[in-house]
Amino acid sequence: MPERKRVAVLADSDTRWKWGVTTARRLVPDHRLTGYLLRGRATPTARQLGEVGVETDRPTEVTCAGFLAEIAREHYDVVVLALVGGAVQAVLHGARALWPAPATRPVLVTGYVGVVYEKLADGLLLRHGADLVLANSRHDAERFRAVYEGVGADAGAVTETALPFLGGAPYQPAGSRPHTVVFAVQPSVPDSRADRAYLLERAAGHARKHPDREVLIKLRSKPGEHTTHLEEQPYQRLAEKIPGGLPANCRLVYGNMGEVLDGTDLLVTVSSTAALEALHRSIPTAVLTDLGVREALGNHHFLGSGCLASWDQLDSGLLPEGDPVWLAAQGVRPTAAPGPAAAGAAGPAAAGAGASGDAYALARAKAAGLLAATRLPPPTPYYTLTTAPGYLPGILARHRLAPDGTPLPGTARQEEDGSRLRRRLRAHLREAARGAYRHGVQRVAPVIRRLGEL
């Protein structure tokens, strides 16, 4: 019996942890997974990790240098980098320093957690050098290759897949339960207090206009927690300021998005990846136009989807349907409700395997080919001291790496020094610092901005 492959996932937020683990499962179905969280301001709490819906052991918190030391010491077959672009670039240069010549090394995999609607060139070029750069759709794969080829870089690593967490049971109409509308909020879109208060009031207004419906405000985090982006204007605090409060049939909810979608009859969002999850399950989905269709909001990504709509239209009873051609280009394959014969086989596993399983066939084949190789060449990022001498050193320095990808002097010693008690104290100090940073962003910064407008 072949030995199970060892896979390491390094993530820097709750959503990227979800992407990294589910990607590992799609890419290497039979594996032993070890999880790591990159230490930083977005490091998720235990509650956030539990909410994303992936069952694993608690990941270990590490620095970039610490992770590089770990993969040099331990034999991993595959390393999934579920990180922002700059952190991916740092690990790639660190890996190149570890294996400067063809060697037995892990297959390096990276990609995006959802819709790519901003910083396309910057983010992609920072990910160049990985063995596999996963694209969530045909549309993305074409754009990714165009960016790499446009700068004369090898585009062979770009591999079309699909969002790894697409799945869940096909949509079933409400029946005897209340018609449920879910507004999936985002931590940074829109960003202004007025716009966020407007959207919250419109959701509450929808509940007032339809007392027979349940309207759920699906939140990403609790105040003080950090997601991929820090939420400066939490909806929880905005809800406290609504005159008379939220109506009885409108409430704030947390939880795993997949479980929330199980009882959803209409998903409403500005531009969240949750829209793609809902469309995959054939749930009516609305991408809001109330604040315009703008690149800054990300809802321009849904042009041609058939899902663009306003709260006024939703109040009047509109249930948008996704355009099949657009959905196919985005790697979304809607599932139909099962008939009587298939009802027993339907469910999250069955639905997910039908879509994302097939979409990962090419990626699995490429990974298998790389794993079969005796030696792999060193990673070759596009950014080097020749192509980006004014950009690359700063990126690496933020992760305590020298321009050649090796740890800066003293970095390794700082990681190892101290007793267990001292290391625990440092961990508490880091968490306190994170809390102070979040408080500053969510409480102090908005006040300073308001004062500046006086």
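This is a short tour of the model, one selection at a time.

**Before you click**

What you have open is a predicted model, where local features need pLDDT of at least 70, side-chain atom pairs count only at pLDDT 80 or more, and totals for chains, interfaces and linings use all residues. Residues are numbered from 1 along each chain as its sequence is written, and side-chain values use heavy atoms, with hydrogens and water left out.

**Stop 1: the whole chain**

Select everything. The protein chain has 17 helices and 13 strands; these are DSSP runs numbered from the N terminus, helices being H or I with at least four residues and strands E with at least two. Of its 454 residues, 52% count as buried, meaning under 20% relative accessible area with a 1.4 Å probe, protein chains only. Take the contacts (heavy atoms within 4.5 Å) with a separation of 6 or more: 73% of them come from residues 24 or more positions apart.

**Stop 2: the sheet of 7 strands**

Now pick out S3-S2-S1-S4-S5-S6-S7, which is the order of an open sheet with parallel pairing. Strands pair here if DSSP finds at least two bridges between them. From one strand to the next, the twist averages 30°. Zoom in on S6 (residues 132-135): 3 bridges join S6 to S7, and Leu-134 has Thr-159 as its bridge partner in S7.

**Stop 3: a helix pair**

Next, select H4 (residues 85-98) and H5 (residues 120-127). Their axes are 7 Å apart and they pack at about 20°, axes being lines fitted to C-alpha atoms over the stretch in contact, with angles from 0 to 180 degrees between N-to-C directions. So H4 is roughly parallel to H5, a label for angles under 35 degrees. Show side chains for Gly-85, Gly-86, Val-88, Gln-89 and Leu-92 in H4, which meet Leu-125, Leu-126 and Arg-127 in H5.

**Stop 4: the sheet of 6 strands**

Move on to S10-S9-S8-S11-S12-S13, the order of another open sheet, also paired in parallel. Its edge strands are S10 (250-253) and S13 (308-309), each pairing on one side only. S12 (residues 285-288) is joined to S13 by 2 bridges; look for Val-287, whose partner in S13 is Leu-308.

**Last stop: a helix across the strands**

Which strands does H7 lie across? Select residues 193-209 to see: H7 lies across S8 (179-184), S9 (213-218), S10 and S12, running at about 160° to S9.

Note on methods: Angles under 35 degrees count as roughly parallel, over 145 as roughly antiparallel, 65 to 115 as roughly perpendicular and the rest as oblique. Buried means under 20% relative accessible area, exposed over 50%, partly exposed in between (1.4 Å probe, protein chains only).
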